[in-house]
Amino acid sequence: MPSEMAALEQDDSDGIYKELPLHDDNNDTSTTTHPHPPPQPMEESHTRSFVKGLTWRILATSTTTLIAWIITGQVDAALEIGLLEFVAKLVLYYLHERLWTQIRI
């Protein structure tokens, strides 16, 4: 991982990224090689956020439903618990987000 005092530069001959010191405080000329470019931050669109939230809710609700089924042994009860959990957490998350719009940190 690059240090705070280094930059990555690609060597065109082999496609390897090299860590280069930004400040030559100790005259050290060694470099560290990296086979891949540094990751770029992902742009978070509204659609991406919605899909991430939806897939997380499906995963979390499925887990709750499975645990409820294991504990109760009843599919109907497990599905009811899963549905109630899905709706309750969706509403609570929305209220949580709206509350945070009022908080200034």
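What covers the buried residues of H2? The cover includes H1, where buried means under 20% relative accessible area (1.4 Å probe, protein chains only). The model is predicted: local features need pLDDT of at least 70, side-chain atom pairs count only at pLDDT 80 or more, and totals for chains, interfaces and linings use all residues. Residues are numbered from 1 along each chain as its sequence is written, and side-chain values use heavy atoms, with hydrogens and water left out.

**View 1. Helix H2, residues 75–100.** Helices are DSSP runs (H or I, at least four residues), numbered from the N terminus. H2 has 26 residues and spans 37 Å from first C-alpha to last, close to the 38 Å expected at 1.5 Å a residue; that expectation is 1.5 Å times one less than the number of residues. Ala77, Ala78, Gly82 and Glu85 of H2 are buried.

**View 2. Helix H1 (residues 46–72) against H2.** Their axes come within 8 Å and cross at roughly 145°; axes are lines fitted to C-alpha atoms over the stretch in contact, and angles run from 0 to 180 degrees between N-to-C directions. Residues making the contact (heavy atoms within 4.5 Å) include Ala60, Ala68 and Trp69 of H1 and Leu79, Ile81 and Phe86 of H2.

**View 3. Glu85 in helix H2.** Glu85 is buried, with a relative accessible area of 9%. Leaving aside neighbours within four places in sequence, Glu85 is in contact with Arg57, Ala60, Thr61 and Thr64.

**View 4. The side chains of Glu85 and Arg57.** A polar contact of 2.6 Å joins them; the term means a pair of N or O atoms within 3.5 Å, where, within protein, one must be able to donate a hydrogen and the other to accept it, and residues adjacent in sequence count only if both atoms are side-chain atoms.

Key
Helix = DSSP H or I, 4+ residues; strand = E, 2+ residues; numbered from the N terminus. Buried < 20%, exposed > 50% of the residue type's maximum accessible area, 1.4 Å probe, protein only.
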